[in-house]
Amino acid sequence: MVAVKIFVLLAFLTLVYCKVARRTEQDIQNVEAYIDSKKGDINQRYRLHYHVAAPVGWINDPNGFTYYKSEFHLFYQYYPYDSVWGPMHWGHVASRDLVHWKYLPTALVPEKEQCFSGSAVVDGDTMILMYTGHINLDAEPWANETQYIAYSDDGITFHKYEGNPVISSAPNGVPDFRDPKAWKHGDHYYVVIGSKTDDNRGHVLLYRSTDMKNWEYLNIIAESKGDSYMYECPDFFELDGKFVLLMSPQGMESQGDRFKNLHQTGYIIGSFSYDTFEFIPEVDFQEIDYGHDFYAAQTTEAFGKRVLVGWFNMWEQPHPEAEDGWAGAMTLVRELKLVGDRITMQPLDAMTGLRDEVKMIGVLQPQQELRFGKTAELIVAGDLSQKIELQLEGSDGGEKAWIRWEPEVGKVVVDRGSDDIRQVQWSPIGMDTWRIFLDASSIELFCGEGEVVFSSRLFPEGGWVVTNTGPQFINVQAYSLGRSVPW
Ligand code: FRU
């Protein structure tokens, strides 16, 4: 009798599981059919040619950045049905070189939980995603956040684990408990998760597990002294002999030229022991990118190096492309290095393969202009004892910006007009050139060896026109770039 009961129960559970699996497969087919039906309607004017963006709809944070079965996989927070934030899915792209990308089907769809940010690890032939299941509630605390996992054996179809959630609350029970970044070290998986203290100070929690399902809480590895109310999107990795805690604190007040965006992404350098689970900071929090639009960055290892990608936007800012049926993008993937007490970011070597037509190798005189299509790369060298200024504008109008070197104060400035300025002190640690990447609605400026980087969105109309508006002759190498993401 007992055996029969167990059999009936198992049969029932299998049926329920199969139904749920079929339902999520159906949900994914519906999303893909929706995307296919809408992507032809997108206005192409601001569409990026070599940055990942959603085929239609809204994207934010990069998620699950990993290498699996000969390809790099990158997921992103995704709401396909409108170009504003909505119930979170995970969109998905893959690449062999981190420059050329293809779309894959949406990986996760929300059910009772929205699929908030998270990461991926690889265990043999299986890719395991770990993400935050965010559930809205009708009364305070308004939401509940716990950690979920999902499996894939082909890197395309993902099955949520039936035993979710695998971590069902923060140690202090606060509802803000999200963005797990997992990795493997020795026989254990580790994960860092963003959260906060009872009195609203951001902190980062560390856990470990042998199977990604059962987690042991270890320690708080960083805690705000009161300058941030929540640490989002932590990432923790070794870089050139040190440990780095990368994270996105919410609520830091601006101080002079620092922390000008609504929220920041930056890092703390320190030392860490897998015996005591203590992270000892050695260099205080610093921003990793000084542009207007950069957040929630995530890293992975690629070709033996540490590489990073960020969300190429900021919360609560206008997203002019939303009118066209899409919103949000990823930055270029950058290689990280530790140099002294800071991290440098440089474009990947493979980016030179995107160079298409040489537009100039020579001297650009004051007031001389260079015309491009929607894409450009410029390498600029000038005399740093004098002002340098480049005006960036659209051949048919639209938004304008200036990139400037101000020798009296030793600052690089990215100026979008009307006082919408980001600036920072720059003392070159080696090379003293600028490398500028322009895409249809974006600017990335890498100064010197990547010790100062700005990522900002800009919405010019038509092609790019770059004019030397400074007083001196400057040396310029300029190229147009090819396409590396699908239309
Ligand atoms: C960061 C963030 C994450 C969260 C996700 C939701 O931009 O707020 O903390 O998981 O976005 O889309």
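**Note on the cavities, ligand site and open sheet**

1. The second largest cavity has a volume of about 80 Å³. A cavity here is a set of points on a 1 Å grid over the protein atoms alone, where a 1.4 Å probe fits but cannot get out. Grid points are joined across faces, edges and corners, and the volume is the space filled by probe spheres set on the points.

2. The model is predicted: local features need pLDDT of at least 70, side-chain atom pairs count only at pLDDT 80 or more, and totals for chains, interfaces and linings use all residues. Residues are numbered from 1 along each chain as its sequence is written, and side-chain values use heavy atoms, with hydrogens and water left out.

3. Back to the second largest cavity. Its lining (residues with an atom within 4 Å of a point) has 13 residues; Gly-118, Asp-179, Cys-233, Pro-234 and Gln-298 lie nearest the centre. E1, E5, E9, E13 and strand E17 (295-302) each supply at least two lining residues. Strands are DSSP runs of at least two residues, numbered from the N terminus. By class, the lining has six nonpolar, four polar and three charged residues. Ala, Val, Leu, Ile, Met, Phe, Trp, Tyr, Cys and Pro count as nonpolar, Asp, Glu, Lys and Arg as charged, and the others, Gly among them, as polar.

4. The whole structure holds five cavities of 30 Å³ or more. Of its 15 lining residues, Tyr-50, Leu-98, Trp-101, Leu-332 and Val-333 are the closest to the centre. That lining has 12 nonpolar, three polar and no charged residues.

5. Polar contacts are pairs of N or O atoms within 3.5 Å. A polar side-chain atom of Asp-61 sits 2.7 Å from a ligand oxygen. For a side-chain N or O atom of Trp-85, the distance to a ligand oxygen is 3.1 Å. Ser-117 uses a backbone N or O atom, 3.1 Å from a ligand oxygen. The protein covers 95% of the 320 Å² of accessible area that the ligand has on its own (Shrake-Rupley method, 1.4 Å probe).

6. Last, the open sheet. Five strands run in the order E4-E3-E2-E1-E19, with mixed pairing. Strands pair if DSSP finds at least two bridges between them. Strand E4 (102-108) and strand E19 (326-327) are the edges. Strand E3 (residues 89-95) pairs with E4 in the antiparallel sense over four bridges. Trp-90 stands opposite Leu-108 in E4.

Methods. Polar contact = N/O pair within 3.5 Å; in protein donor to acceptor, adjacent residues only side chain to side chain. 1 Å grid on protein atoms, 1.4 Å probe; cavity = no way out; pocket = protein on both sides within 12 Å on 5 of 7 lines; lining within 4 Å.
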